Amino acid sequence: MRIVEDEERMALTIQQLLSTQRMMSDIASDGEAGLDAAMSGIYDLIILDIMLPKLDGLEVMHRLRDSGWQTPVLLLTARGSVSDRVRGLNAGADYYLPKPFASSELLACVRALLRRPGELRADTLSYGDLTLSTETGVLSCGAESIQLSKKELELMRLLMGSGGAPVDRETLLLKVWGYDSMPESNVLDAYMSFLRKKLQHLRSHVEVTSRRQIGYCLREKEA
């Protein structure tokens, strides 16, 4: 997720709140950076303030939708009048939440938008003999289970969600580490090694496979 909010304390509070639910996010502090990130296509959801430097949130919304991007957007703003809400929704926002808001309400909105038909996040994913709970980060194989770290969870979610098709390295790095904080590519290789060890611990028939110059995928071992 991308949080576009120029008030640092508010942005960090939202990020920490999402983190308690095992949701990865990063932060942009102005509208131009938020628009660039939204149009990269790597985010499941954009949490967008209206009062922003460089480009306000409504202009970000107009440009995003005019370019054909349908990424869900949750508007957060101190402007809470009916007319302000109508403007935000007419600009293409999926939901409008006025400040101040309750933490539980924000999380409920985020979950609802991520469950929107045609969008990205399912509560449970399966591949071969594996089952992954995206809510708890628990990966199971038969009666055995193991807890994944946040980044391991996001990587496994992307691999399982691809149905065995390769996921390229750039996509994995962008979606897990974020647009502004991508690590060296060998960090990705290290995390894939962690996942391989956990699959071995589970005695799964599924393995993580590297496709040279492409990326990674899951495959079931031959009997």
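This section describes selected helices, helix contacts and backbone features of a predicted model.

Helix α6 covers residues 150–161. At 1.5 Å a residue, its 12 residues should span 16 Å. The C-alpha atoms at its ends are 16 Å apart, in agreement with that expectation. Nine of the 12 residues are buried, so α6 is largely enclosed by the rest of the structure. The buried residues are E152, L153, E154, L155, M156, R157, L158, L159 and M160. G163 follows the helix. The phi of G163 is positive, near 70°.

Helix α6 packs against helix α7, which covers residues 169–177. The two axes come within 10 Å and cross at roughly 135°. An angle over 145 degrees would count as roughly antiparallel, and one of 65 to 115 as roughly perpendicular. The helices α6 and α7 are therefore oblique to each other. Their crossing is right-handed. On the α6 side, the contact is made by K151, E154, L155 and L158. On the α7 side, L172, K175, V176 and W177 take part. By class, this contact has five nonpolar residues, three charged residues and no polar ones.

Helix α1 runs over residues 8–20, and helix α5 over residues 103–114. Their axes lie 11 Å apart and meet at an angle of about 65°. Angles of 65 to 115 degrees count as roughly perpendicular. The helices α1 and α5 are therefore roughly perpendicular to each other. Helix α1 passes α5 in a right-handed crossing. From α1, the residues I14, L17 and L18 take part in the contact. They meet S103, L106, L107 and V110 of α5. The contact of α1 with α5 divides into six nonpolar residues, one polar residue and no charged ones.

The loop between β5 (95–98) and α5 holds F101. Leaving aside neighbours within four places in sequence, F101 is in contact with M10, I14, L76 and L106. Of these, I14 and L106 also belong to the contact between α1 and α5. The C-alpha atoms of F101 and V208 are separated by 42 Å. These two residues are 107 residues apart along the chain. P100 is found in the loop between β5 and α5 too. A cis peptide bond joins K99 and P100, with omega about -5°.

Most peptide bonds are trans, and most residues other than glycine have a negative phi. Two further residues depart from the second pattern. R22 is not a glycine, yet its phi is positive, about 60°. It is found in the loop between α1 and β2 (26–28). R22 has 17% relative accessibility and therefore counts as buried, the limit being under 20%. K54 is also a residue other than glycine with a positive phi, here near 75°. K54 is found in the loop between β3 (46–49) and α3 (57–66). At 62% relative accessibility, K54 counts as exposed, since exposed means over 50%.

Technical notes: Residues numbered from 1 in each chain as written. Predicted model: local features only at pLDDT ≥ 70, side-chain atom pairs only at ≥ 80, totals over all residues. Heavy atoms only, no water. Helix = DSSP H or I, 4+ residues; strand = E, 2+ residues; numbered from the N terminus. Expected span 1.5 Å × (residues − 1). Buried < 20%, exposed > 50% of the residue type's maximum accessible area, 1.4 Å probe, protein only. Axes fitted to C-alpha atoms, helices over the stretch in contact; angles between N-to-C directions. Parallel < 35°, antiparallel > 145°, perpendicular 65-115°, else oblique. Left-handed = near helix turned anticlockwise from the far one by under 90°. Contact = heavy atoms within 4.5 Å. Nonpolar A, V, L, I, M, F, W, Y, C, P; charged D, E, K, R; others polar.
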